[in-house]
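Please view the sequence and the structure together before reading on.

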Amino acid sequence: MAEIFVMPQASPTMEVGTILAWRKAEGDSLAPQDVIAEVETDKAAMEIEVFDDGVLLKILVSEGDEVPAGAPIAIIGTSADEDISALIAQAASASAAPAAAPAAEAPAPEATPAPAAPKAPKATGKVGLTAAAWNGAPVHEAIMEMPEFVYEAPEAEVADLPRSVRAAPAARRAARELGVDLTAVSGTGPRGRVLREDVEKAHATPAAPAVPAGPADEVVRNSQMRKTIARRLKAVWLDAPVFYLTARFNCDNMVAFRSQLKAAGVKVSYNDLVVKACAKALRDVPAVNASWAEDAITRHGSVHIGVAVALPDGLITPVVRNADQKGLATISAETRDLATRARDRKLGPDEYQGSTFTISNLGMMGIEQFTAIINPPEAVILAVGGMQQEPVVVDGQLSVGWRMKVTLTCDHRVVDGALGAEFLQAVRKYIETPALLAA
Amino acid sequence: MTAPPPSHTPPPLPAESGLPPVDAEMLLGMYREMLRIRRLEELAAKAYTQRKILGFCHLYIGQESVAVGVAAAGQDNDYWIAAYREHGHAMAKGISARAVMAEMYGKETGSSKGLGGSMHLFDRDSRFLGGHGIVGGHAPLANGVGWAIRARGEDAVCVCYFGDGAANQGAFFEALCLAQLYKLPVVFICENNFYAMGTALHRQSAITDMSRRAAGVGMAHESFEGFNVETVRERVGRAAAYARSGQGPVLLEVVTYRYRGHSMSDPAKYRPSGELGHVKESDPLKITRKRLVDDFGITDDQFAETKAEVEAECQDAAKFAEESPVANPENLYAYTYAPQTTSMGVGDDAPVHKFEQKGEIAVPGFEHPAAQVGG
Amino acid sequence: MAKLQIREALRRAMVEEMRRDDRIFLMGEEVAHYKGAYKVSQGMLEEFGPSRVVDTPISEAGFAGLGIGAAVVGMRPIIEFMTWNFSLVAFDQVINSAAKFYQMSGGQFSVPVVFRGPNGAAENLAAQHSTSVDSLFAHFPGLKVVTYADAHDAYGLLKAALRDDNPVCFLESELTYGVKGEVPDEEFIIPLGEANVRRTGSDVTLVTWGKQVLNCMPVVDELVKKGIDVEFIDLRSLRPLDHKTLFTSVAKTGRCVVVQEGHLFAGVGAEIAARIQEACFDHLEAPVLRVTNRDVPQPYATNLEKLVMPSPDRIMAAIDRVLGRA
C-alpha cells in the first residue's frame, strides 16, 4: 500500500527543510536505512532515511525547494505499478494548505498541572495541616511539596498577648512611610491580611466610612491604640486611690518672661515653661517623682516628663528625657519635634515610654480646669487649664491679671495631701518667679 | 620483614562452555531474534524521525549478535544490567516488543509505564535491571546482584553490559576491583564498537583491548570478535560457567560495531569513509544467514516466513505503542517512593526473614593463606 | 532501661535486625576486623561472619553501588560511609541509582538500602573532612534523610531506617558516639518523619537537628533563665519533614530561629525558612533567622573553627533579634 512520505522534523526548532539532493530516483527499490534525500535544516545538512522496504514511486518536490516539516515530499509504495493518483491529489491539497502540525500527541496532561489544592478547612480555632495531594489523592509522605496549613489561635491567646496587625511587610512599610495607622486599616488580603493597596487607599481617603442617607450608626472598630488606652487607664482607674489638688497660678511674670525671651529671639511656649517648672519642682520634691509597688515605692533617679499629645483617634505622651537638665530652648525644640513625630507615628518606643511624670494641657482648647487620669505607673499627673486674663484682687483693689488653674491628680498610695500640696507650691514658685528657671 | 601476599592469578576459563551444540532450530531462532531486534530498532528510528519517540534514542543496529548470543549462553534466572543502548538486550532477555516500543513512546503500557523511556527499560519478570544513563555508573550495581546471588546460594550470574567508553569511568574500575576481590558471579561484557559517542577508541585509551582492564585487578578476561552469534554464545558460555561455579568474575571484550551514530541525533561523521561499508561485510545477520543456508539448508521460503513473522510482530508493536494511552498523570508522584510493606512491628510482631539456603561469599580473610604473619 | 553510648545503641539496632533478617548485611571500610572506624560495629563480625559484616577497599562508588544493586534484587544492605564526606565520591550512585531506580523502572524495583555514617564537623579535621551533606541528599525525591541527637533516638530511628523499604541516608555524628543516654530495654521504633518537641514554649521556636541539638541545650537553659519561653524542636527527619510540628509551633510563637551545620546558602535551614514564611506568613512577628556555619570551607585552627560553627553567642543574638530586643 502506497503512502505519502513527509518531510521529517529533525529537531524541535526545525520549521522548514530545503531538499539539497535526491539520492534515489523514481522507481528505485528502497530498503530500511536507505538514504533517499539530503536536506538542509536550521541546524545542519542531514540525510533522510526510510525504514521500510518499498519502491520510491513519486518525488513531489524538487531539489532546491524549501518545504515545511510535515509536508509531503514523496510517495513510497510496495510495487512500481501502483495507482497513486489519489495520493498525488491528496498531497497537492495538503501542500496548498498550511502544513498540519506533526502527528505528535498533545503533551498537555489531562489533569491540572499544579497539585490540586484541597479545600482549606474552615476557621475553627484549630490547627489544620493538609498534606500535599495530587488529583485528590495523597502523595507519599516523603514527597516534599508544600502542604496547606491553617492556624487559628484560641481567643484567649489573642486577647492578652500584644500581637501585630495581620499585615504584609510591604503594607507595614507603606503604613510607616505614609503615616497611616495600620490598626485602623481593614485588610482585603487572604484571611483579612492588610495589603499595601489597602494602606494606600486608606491614606488617600482617610475619612470615616461614608455616612449613608439616613443617620445610621457608625461602628468604629477599636484600634490597637484605643484598646491600649482603654486597658491601661481602666486599670489605673480601678487600682489607684486618687485625690485632686487644684491651684491657681499668677502668670503675670511668666507672660512677661516669655515676651522677654521672644524679644531675645528665643521662642518658647507657655507649656515649655510649665514643663521646666515641673522638672525643677520634681527635683525639689522628689517623693512625687515615684512609682508604687507592693513592697516598695521607687523614687526615680531621673526626671523624664511626658507631654500628652492629642492624636486623631487617641493620645500619646512623648517623653522629654532629663527635662531638669535641659534648657528652655532645648525643651521647646524637643517638645515640638516629638509632637510632630508623634502625630506622624514616627516615635520609637523609648520616646513614648519611660516618663516619670506627665503633663496634660487642654488650655488651648478653652478648658479652664480638668482632672486627668494618672499615666501608670506614675504617682501623679498635672492637668493644665487655659491661661486667661481675669479680674483679680490685689491689696484690696480690683485689677486684671493673667491666671491659670492646674489640677494635680495624686495616687494616695504614694502621695499624701500635704506632699502633693508641697509639690504644687514648688511648681508655683517657678511659674510665678520664672527667673528661677534659669537658676 | 614479611612480603605482601602474592597477587591473585585467576584460574583460566574452561576450554568449553558445556552448552549443547547448535542445531538448525536453535540457530534459526537466534537469527530470528537478531532480525527482530534489527527490525524494531529500524521502526524506532522511523518513529523518532516522526517525533513519536523523543529525547535520546540509542540504536543497537549492527550489534545484535552480542545480546542474542549471550541470551543463548545463559539461563533464564540470570540477571542482566545494561546501559542506555539496551533495546536489543531488553528484547533478548524477554521484554516484549510491545512493551519496549510503548515505553519509548512514553505510553502507560510501556515496560516502565512511560516513566523511563528509551534509556530506562526494566522488567522484573525477566530479571532485566535496566536501562542506565550514566556511562559506567551501573557497573557497581552488577556486583550487588552478584552478592545477592551468592548470599542466597542461587545458581545464577549477573551479566553487566557496557561499551568501550564506560571502560574509562572510575566507577567501572571500582566495580571490577570489588567483583574480583569477592569473587562475585558477574560477567562483565564490554561491547567495544570503537567509538565512545564521537571519540574513537585510541583517542580515549592507550590500551585498545578493553579486556585488559581486568588484568589490573586479577580478573579472568578475554577478547573476541562478536559478529558471529555462535562465537558469542560459546565464548560467553565458557565465561558464564566459570562465574557460575564460583571461580570469579570475567571481563569479556566483544568487538562489534554500530551501524548508526551514537544516538539518533548523531550523524556519525567521525568515521573514516569506507569503514561502515567494510564492517557491513560482517553483518551478524549476513553471517548467520549464510551459515543457515550453507550448513543447515534453510530455504528462502523459510527466511521469507521468518521475515514476515518478525515484520508482523514489530509493526504490531509500533501500532500498539501508537494506540496506547499516554503515561497516566495520576501516577506522577506514585513511583518516587515504594510503599511501605515491611512491618514496623516489634517483639513477636517483628518481621523475620531467613534464607532457605545460604551461600558464603569469598571475602578475603584476615589471614592470607600465603602470608607469613610475623611471629 | 539501660544507659548506652550512642555507638552501642546503633549497634544494638543493627544486631537486632540482622539476627532476624538474613537479607541485611553491613558493608564499609573497617567495619569488620577493625571493629568499625568508630567502633560502632564492634563484635558484629564475630556474630555474623565475614559474609555479612564486610570490609571493603576504599571504593565508595564501588561498594555503594554494590549495596544498591543488592537492594534492587531483594537484599537489605547497610552501607557505611566512614564519614559522609566520602559519600561525595559515591554521589552518582546514591542520586542517580538509589534515588531514581524505583521511578525509572515504573515501580518494579525498590531500593531498601541504608547509607549511614558520621556527618558534619568533628574537631580540627579541616575542609575536606568536615562537610555537612544533609541538604545535598535531602534535595532529592526518592531518598529519606534522618538524623538523631541522643542514644534513644539513634536506636529507634536506625531501626525504622532498617525496616524502611526506601533508601535512607542516616546521618550520625562522630563527636557524640560516646555520649550515653537512656534507652529502654524493650524493642521500639521511632517512625521517620516525626520531629520531637523537646521543650514547649510560646515566645520563640528554636529548631535544629543532629549534633546541634546538644549544642543548643545550654542555650535553651539560658533563655529559660532569662524568662524567654522557648519552644525547642529536634527535627530528626529532614526528609520527610514534620510540617505539622514545625508550622504549629511557629504559628503559636510567631518567631523562629533555625540552627544548623552546613553553610547558609541552600542549606536545609533555607528550605525550612521558605516553608515557614509561606505557611505561617500571617503569624510571623519577625523574619525566620538561621544560624549556620559561616560561608567558608572549614578551617583547621581551633579558634577559626569555633568562629565558623554555630556558637551559643550567635544563637542568642539571633533569638534576641527575632524577639526585637537587638
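Is A2(A) buried, exposed or partly exposed, and why? A2(A) counts as partly exposed because 19 C-beta neighbours lie inside 10 Å; a residue is buried if 20 or more other C-beta atoms lie within 10 Å of its own, exposed if 12 or fewer, and partly exposed in between, with C-beta atoms placed from the backbone. The residue belongs to the segment before strand 1 (3-6) of chain A. Helices (H or I, at least four residues) and strands (E, at least two) are DSSP runs, numbered from the N terminus. Leaving aside residues up to four places away in sequence, A2(A) touches L57(A), I75(A), I76(A), G77(A), E82(A), I84(A) and L87(A); two residues are in contact if their C-beta atoms, placed from the backbone, lie within 7 Å. From A2(A) to F149(A) the separation is 147 residues in sequence and 62 Å in space, C-alpha to C-alpha.

The model is predicted: local features need pLDDT of at least 70, side-chain atom pairs count only at pLDDT 80 or more, and totals for chains, interfaces and linings use all residues. Residues are numbered from 1 along each chain as its sequence is written, while chains are lettered from A and ligands numbered from 1 in the order in which they are written.

**Confidence in chain A**

The pLDDT, the predictor's confidence in each residue from 0 to 100, averages 85 in chain A, and 88% of the residues score at least 70. Over residues 98-124 of chain A the value is below 50, and this stretch has 36 contacts in the model beyond near neighbours in sequence. Residues 156-162 of chain A also stay under 50, with two contacts beyond four places in sequence.

**A sheet in chain A**

Six strands of chain A form an open sheet with mixed pairing, in the order 13-22-21-20-16-19. Its edges are strand 13 (242-250) and strand 19 (319-320) of chain A, each of which pairs on one side only; two strands pair if DSSP finds at least two bridges between them. Strand 21 (residues 380-394) and strand 22 (residues 397-411) of chain A run antiparallel and are joined by 13 bridges. V380(A) has C410(A), in strand 22 of chain A, as its bridge partner. Helix 10 (residues 417-432) of chain A packs on the sheet, where it touches strand 13, strand 21 and strand 22 of chain A.

**Nonpolar cores**

A nonpolar core is a set of buried Ala, Val, Leu, Ile, Met, Phe, Trp, Tyr and Cys residues joined through C-beta atoms within 7 Å. The largest has 248 residues, of which V145(B), C160(B), V187(B) and V257(C) touch the most other members. Helix 1 (residues 24-49) of chain B gives the most to this core, with 12 residues. Apart from it lies another core of 51 residues, including A240(A) and F249(A).

**Helix 9 of chain C**

Helix 9 (residues 243-253) of chain C is largely enclosed by the rest of the structure, because 10 of its 11 residues are buried. Among the buried residues are H243(C), L246(C) and K252(C). Just after this helix, G254(C) takes a positive phi of about 80°.

Methods: Axes fitted to C-alpha atoms, helices over the stretch in contact; angles between N-to-C directions.
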